[in-house]
Amino acid sequence: GIDILGNTTYTIDAIGFSDVVATISGSTLTVISSRSIGIVEIEYNIDVSINSINHTNLNNNTITYVILKNTSSNQDVFINIGTFPVSDNINVEYTDEYYITPGESGIFIFYKVNNILNVSVQEMFTTTTLDFDNSNKPY
């Protein structure tokens with residue numbers, strides 16, 4: 001089986017299952033994990049455009065999930081997930097930018113092999129996007 005330690009917390013600097021740490025600073029998402037699989041959730045309530053990923057401290061042969069939830073009650077606040085330029089160490093597996101609106105969540109899926117980070121994004125929705133109680137969590 002998979003040994004998962006830790007807990008999930010909703011913060012900007014989140015430490016989740018399997019000691020995954022994720023932070024957003026400026027337009028950069030930094031992900032750190034030494035385990036083979038992990039998950040972390042981040043709540044964010046201000047406009048941000050994420051267009052860079054720092055995965056230097058993400059070990060090879062890992063799968064990491066980072067859930068971003070827009071907790072703003074202001075309809076004009078968006079979390080923009082950019083397309084990230086493909087480089088020698090990042091392979092992006094989607095072509096359009098994603099916008100996470102208030103009450104919605106998006107999930108990054110990172111798979112790192114041979115120092116190359118494969119990135120995919122999925123959107124997750126609630127039926128009542130401005131209601132933040134536990135019954136409406138999309139995950």
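This is a predicted model: local features need pLDDT of at least 70, side-chain atom pairs count only at pLDDT 80 or more; totals for chains, interfaces and linings use all residues.
Residues are numbered from 1 along each chain as its sequence is written, and side-chain values use heavy atoms, leaving out hydrogens and water.

**Stop 1: strand E11.** Select residues 105-113, which form strand E11; strands are DSSP runs of at least two residues, numbered from the N terminus. Seven of the nine residues here are buried (under 20% relative accessible area with a 1.4 Å probe, protein chains only; over 50% is exposed, and partly exposed lies in between).

**Stop 2: its partner.** Look for Ile 63, opposite Tyr 111 in E11.

**Stop 3: Phe 110.** Show its contacts (heavy atoms within 4.5 Å): leaving out residues up to four places away in sequence, Phe 110 touches several residues, including Leu 29, Val 31, Ile 63 and Val 119. Phe 110 is also one of the residues that touch the most other members of the 27-residue largest nonpolar core, along with Leu 29, Leu 68, Ile 81, Tyr 94 and Phe 108. Such a core is a set of buried Ala, Val, Leu, Ile, Met, Phe, Trp, Tyr and Cys residues joined through side-chain atoms within 4.5 Å.

**Stop 4: the loop.** Finally, select Asn 114, in the loop between E11 and strand E12 (116-124). Its phi is positive, about 50°, although Asn 114 is not a glycine. Most residues other than glycine have a negative phi. Asn 114 is exposed, at 61% relative accessible area. Asn 115 is in the loop between E11 and E12 too, with a positive phi near 65°, and is partly exposed at 47%.

Terms used
Helices (H or I, at least four residues) and strands (E, at least two) are DSSP runs, numbered from the N terminus. Two strands pair if DSSP finds at least two bridges between them.
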